[in-house]
Amino acid sequence: MASTSELNEDDTVSFLPHRLNRQPVVVRGLTADELWICVGLSALAGLLLGLPLAWLTSTIALIPSMIVAAIAFGMFVGGSSLRRWKRGRPDTWLYRQLQWRIALNHPLLSPWIRGDLLVTRSGYWTTRRGSQ
């Protein structure tokens, strides 16, 4: 029950929790979306490492083993580094940062991720007040 200082005259709560719409932290400081990104990139790295190793050793079982090992390593290292990278920043900062970097470095991919809506201008900005 809310305290009497938080209730209005019509018995409605006068505040809104500020973390109501945030995604919960799932593993090592990562939200579910960030965890899927980390796992997907780690699995891809494990596949790229496992294919040549499996070919060199003629053992196909190295491919899924390398994928699992890369996912475990990626969650451990990626979770720690992403948690440090995101510390003190807004919830959507990581996604906007990725969107901005893709818009700058890969302009052909920019419309698919709505990067064309971002301001990518470099240079000095001025605010002019008064008549011109």
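## Close-up views of a predicted model

**View 1. Helix H2, end to end.** H2 has 25 residues, and its first and last C-alpha atoms lie 34 Å apart, close to the 36 Å expected at 1.5 Å a residue. The model shown here and in the other views is predicted. The buried residues of H2 are Ile-63, Ala-70, Gly-74, Gly-78, Gly-79, Ser-80, Leu-82 and Lys-86. Their cover includes strand S2 (30-31), H1 and H3. After H2 comes Gly-88, with a positive phi near 80°.

**View 2. The salt bridge between Lys-86 and Glu-34.** The structure holds one salt bridge. In this salt bridge, the side chains of Lys-86 and Glu-34 meet at 2.7 Å, N to O. The pair links distant parts of the chain. Lys-86 sits in helix H2 and Glu-34 in helix H1, 52 residues apart. Side chains of opposite charge can pair when their charged atoms come close. Are the two partners, Lys-86 and Glu-34, buried or exposed? Both Lys-86 and Glu-34 are buried.

**View 3. The aromatic pair of Trp-85 and Trp-93.** The structure holds one aromatic pair. Trp-85 and Trp-93 form this pair, with ring centres 5.1 Å apart. Their planes stand at 85°, so the pair counts as edge-to-face, the class for angles over 60 degrees. Cover over the two residues can be read from their accessible areas. Trp-85 has a relative accessible area of 34%, so it is partly exposed. Trp-93 has a relative accessible area of 18%; it is therefore buried, the cut-off being under 20%.

View 4. H3 covers residues 93-105, which makes 13 residues. At 1.5 Å a residue, H3 should span 18 Å. Its end C-alpha atoms are 18 Å apart, so the two values agree. Which residues of H3 are buried? They are Trp-93, Leu-94, Gln-97, Gln-99 and Ala-103. These buried residues pack against helix H1 (32-57) and helix H2 (62-86).

**View 5. A nonpolar surface patch with four leucines.** Leu-44, Leu-47, Leu-48 and Leu-51 make a nonpolar surface patch of about 350 Å². One of these residues, Leu-48, has its place in helix H1. Why does Leu-48 count as exposed? Its relative accessible area is 55%, and exposed means over 50%, so Leu-48 falls in that class.

Conventions
Residues numbered from 1 in each chain as written. Predicted model: local features only at pLDDT ≥ 70, side-chain atom pairs only at ≥ 80, totals over all residues. Heavy atoms only, no water. Helix = DSSP H or I, 4+ residues; strand = E, 2+ residues; numbered from the N terminus. Expected span 1.5 Å × (residues − 1). Buried < 20%, exposed > 50% of the residue type's maximum accessible area, 1.4 Å probe, protein only. Contact = heavy atoms within 4.5 Å. Patch = residues over 30% accessible without salt bridge, like charges linked within 9 Å, V, L, I, M, F, W, Y side chains within 5 Å. Areas by Shrake-Rupley, 256 points an atom, 1.4 Å probe, with all protein chains shown as cover. Phe/Tyr/Trp six-rings, centres within 6.5 Å; stacked < 30°, edge-to-face > 60°.
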